[in-house]
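Student: I would like to learn how to read a protein model feature by feature. Can we take one case at a time?

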Amino acid sequence: MRQLEQAGYIEGYEARLSAARLGFGITAFVSVVMGEHSQEVARAFEARLHDIPEIIACHNVSGRYDFLLEVVAVDLAAYGEFARGTLQALPGVKELHSSFSLKAVKSHRQLPIPGG
């Protein structure tokens, strides 16, 4: 472990918390279409995400959408309020498309180790 840490392969350690036990009954994947694609707007959007704990992951993606967010909420009503009040207000957001997780089939993020 020490060699992996020193070589920069280990970025940190974290505990996996139970969303259900913490009261989060909804996981949504939100595809975001930006209305403007300037670096300034993208940086403002990305910076704002760090202040919103309900957004647990964000990827800048290729294709039809610009960003893919993973969001947790207590229930559908709470998600609706969050989407209207917080997500729509993010810098540059033009459209949101939400999909809801029905079941997590594989949720542990473990990278494949080459030759392992």
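**Reading the model**

Tutor: Start with F45, which is buried at a relative accessible area of 0%. Buried means under 20% relative accessible area, exposed over 50%, and partly exposed in between, with a 1.4 Å probe and protein chains only. This is a predicted model: local features need pLDDT of at least 70, side-chain atom pairs count only at pLDDT 80 or more, and totals for chains, interfaces and linings use all residues. Residues are numbered from 1 along each chain as its sequence is written, and side-chain values use heavy atoms, with hydrogens and water left out.

Student: How do I read an aromatic pair, and how many are there by this rule?

Tutor: A pair of aromatic rings is described by the distance of the centres and the angle of the planes. Rings of Phe, Tyr and Trp (its six-membered ring) pair if their centres lie within 6.5 Å; planes under 30 degrees apart count as stacked, over 60 as edge-to-face and the rest as tilted. The count here is 2 aromatic pairs. F45 and F67 have ring centres 4.5 Å apart and planes at 40°, so this pair is tilted. F45 belongs to helix 2 and F67 to strand 3, so the pair ties together parts 22 residues apart in sequence. F67 is buried too, with a relative accessible area of 4%. For Y79 and F100, the ring centres are 5.2 Å apart and the planes stand at 90°, so the pair is edge-to-face. Y79 lies in helix 3 and F100 in strand 4 (residues 93–100), so parts 21 residues apart in sequence are tied together. Y79 is buried at 5%, while F100 is partly exposed at 36%.

Student: Where do helix and strand numbers come from?

Tutor: Helices (H or I, at least four residues) and strands (E, at least two) are DSSP runs, numbered from the N terminus.

Student: How do I read the sheet, and in what order do the strands stand?

Tutor: Strands of a sheet pair through backbone hydrogen bonds, either parallel or antiparallel. Two strands pair if DSSP finds at least two bridges between them. Here 4 strands form an open sheet in the order 2-3-1-4, with antiparallel pairing. Strand 2 and strand 4 are at the edges with a single partner strand each, so one side of each has no neighbour in the sheet. Strand 2 (residues 55–60) pairs with strand 3 over 5 bridges. H59 stands opposite L68 in strand 3. The hairpin of these strands has 6 residues between them, and G63 there takes a positive phi near 105°.

Student: What is a nonpolar core, and which residues have the most contacts inside the largest one?

Tutor: A nonpolar core is a set of buried Ala, Val, Leu, Ile, Met, Phe, Trp, Tyr and Cys residues joined through side-chain atoms within 4.5 Å. The largest has 20 residues; V30, V32, F45, I55, L69, Y79 and L87 have the most contacts inside it. Strand 1 (26–34), helix 2 (39–49), strand 3 (67–73) and helix 3 (76–87) each give two or more residues. Strand 1 supplies the largest share, 5 residues.

Student: How many salt bridges does the structure hold?

Tutor: A salt bridge is a side-chain nitrogen of Lys or Arg within 4 Å of a carboxyl oxygen of Asp or Glu. The structure holds 1. E81 bridges to R84, with the closest N and O atoms 3.0 Å apart. The two are 3 residues apart in helix 3, which means a separation of about one helical turn. E81 is exposed at 52%, and R84 is exposed at 55%.
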